[in-house]
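Biologist: I am new to this structure and would like to learn how to read it. Please show it to me, and then I will ask about its features.

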Amino acid sequence: MAFDVEAVRADFPILRRQVNGKPLVYLDSAASAQKPKAVIEAMSWAMENSYANVHRGLHTLANETTDAYEGARGKIARFIGAEPAEMVFTKGGTEAINLVAAGLGASLAPGDEVLITEMEHHANIVPWHFLRERKGVVLKWAPITDEGVLDLEAFQRLLGPRTKVVAFSQMSNVLGTINPVADLTAMAHAAGAVVVIDGCQGIVHKSVDVKTIDCDFYAFSGHKLYGPTGIGVLYGKAERLAALPPYQGGGEMIGTVTMDEITFADPPHRFEAGTPPILEAIGLGAAIDWLSDLDRSAAAEHEHRLYARVREGLAGANWLRVLGEAPGKGAILSFTMDGAHAHDVAQILDRYGVAVRAGTHCAEPLMRRFGVTSSARASFALYNTEAEADAFVEALTRTQAFFA
Ligand code: PMP
């Protein structure tokens, strides 16, 4: 199957708009991706035709909506090689990591160690910091090289008898580095640790099979995967979820409630207190269907070509510092420009219709590791084109001239 970017773009109404009188060049998909019509229509269709609260109903609309919600769970489970009962719907990747950290934390003791890496997003740092503050857990940081590659020897050395949890991202949202998640999982398991993977960026660009990786938990967000906001997934191995205490209390997550006692539902419902993100789950299911119709490795190659084209276009730019040069990295270009603040760079690029993100990218320890306070970031998605890559290079070159 050849990758037809124009056909893909036709599915995204928003990509036809103009910004500041210029065609939109959307290079901020690592923060949140645009949505294909299939997602927009699936959510509208449900609201127009078949909507009610799920699970507790005995009427037709409640049953139809429950089928759609649980059907989405099944689709997403198949997409990552898991069982539906191993998939917990959350409001996002952040909530998924908080859920698992809080649950694992319940059985950690002072002095137990959690190993993370220097390239983590705050979503995979702060929940572990909570355990440091609240449980006396020791947080260890696996270092990265100047290229932005995880130092595997150091990672191995940091694993020890007190390591209880190892948590790392599949792909860095700043550097684009793709980590060898199956190898890291095997190393952590050999030390007896539970493995939590932050797949928020990784799942967007790679096919994921959680059973092959063999991780214990895998978290991701819907909105970066061409689905809606307000939905995320925590995959957990059945036996791991069964051993995890509930995160929030409320309706749907209980077995029985009396005035003196509570019992809990089995996973995944134990972790889905209250009315879940029903429409969002349906939207994510539609995004997965849409993605599954594409040749995903051709899409990833397309993104790599765009990245390579931009790097070539900027080859002579001695005013540019790129953060992250890991071999095989994904199509994310984080950079600083001599003499210009990243925020100013992003604002000037916007005048040319080019949308990039600037700031710390919720990765302050990583920013400090590279000795910068902020960077600008252009992130490429499967709907970007070579013409957009060239438009970005041209707009960035003009932006630099502004500061020179
Ligand atoms: N981890 C990584 C690597 C991310 O890029 C992000 C989103 N920027 C998150 C976690 C958090 O995802 P969300 O904001 O959707 O909860």
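Biologist: What area is buried between domain 1 and domain 2?

Modeller: The size of an interface is often given as the accessible area lost when the parts come together. Here about 2,300 Å² is buried between domain 1 and domain 2, and carbon and sulfur atoms give 57% of it. Buried area is the accessible area (1.4 Å probe) that two parts lose on being put together, summed over both.

Biologist: On what basis are such values given?

Modeller: This is a predicted model, in which local features need pLDDT of at least 70 and side-chain atom pairs count only at pLDDT 80 or more, while totals for chains, interfaces and linings use all residues. Residues are numbered from 1 along each chain as its sequence is written, and side-chain values use heavy atoms, with hydrogens and water left out.

Biologist: How many residues of each domain are in contact?

Modeller: On one side there are 32 residues of domain 1, and they are in contact with 28 residues of domain 2 (heavy atoms within 4.5 Å).

Biologist: How many salt bridges cross the interface of domain 1 and domain 2?

Modeller: Side chains of opposite charge can pair when their charged atoms come close. The rule (a side-chain nitrogen of Lys or Arg within 4 Å of a carboxyl oxygen of Asp or Glu) finds 2 across this interface. In the whole structure the search finds 19 salt bridges. One of these joins Asp28 to Arg377, with the closest N and O atoms 3.7 Å apart. Asp28 sits in the loop between β3 (25-26) and α2 (37-49), Arg377 is in strand β17 (residues 375-379), and 349 residues separate them. Another salt bridge pairs Asp146 with Arg369, their closest N and O atoms being 2.7 Å apart.

Biologist: How many helices and strands are there in the protein?

Modeller: The protein has 15 helices and 17 strands. These are DSSP runs, numbered from the N terminus: helices are H or I, at least four residues, and strands are E, at least two.

Biologist: What radius of gyration does the protein have?

Modeller: The protein has 22 Å, which agrees with the value near 22 Å for a compact globule of 404 residues. The radius is taken over C-alpha atoms, and the globule rule is 2.2 Å times the number of residues to the power 0.38. Along the principal axes, the C-alpha atoms fill a box of roughly 70 × 55 × 35 Å.
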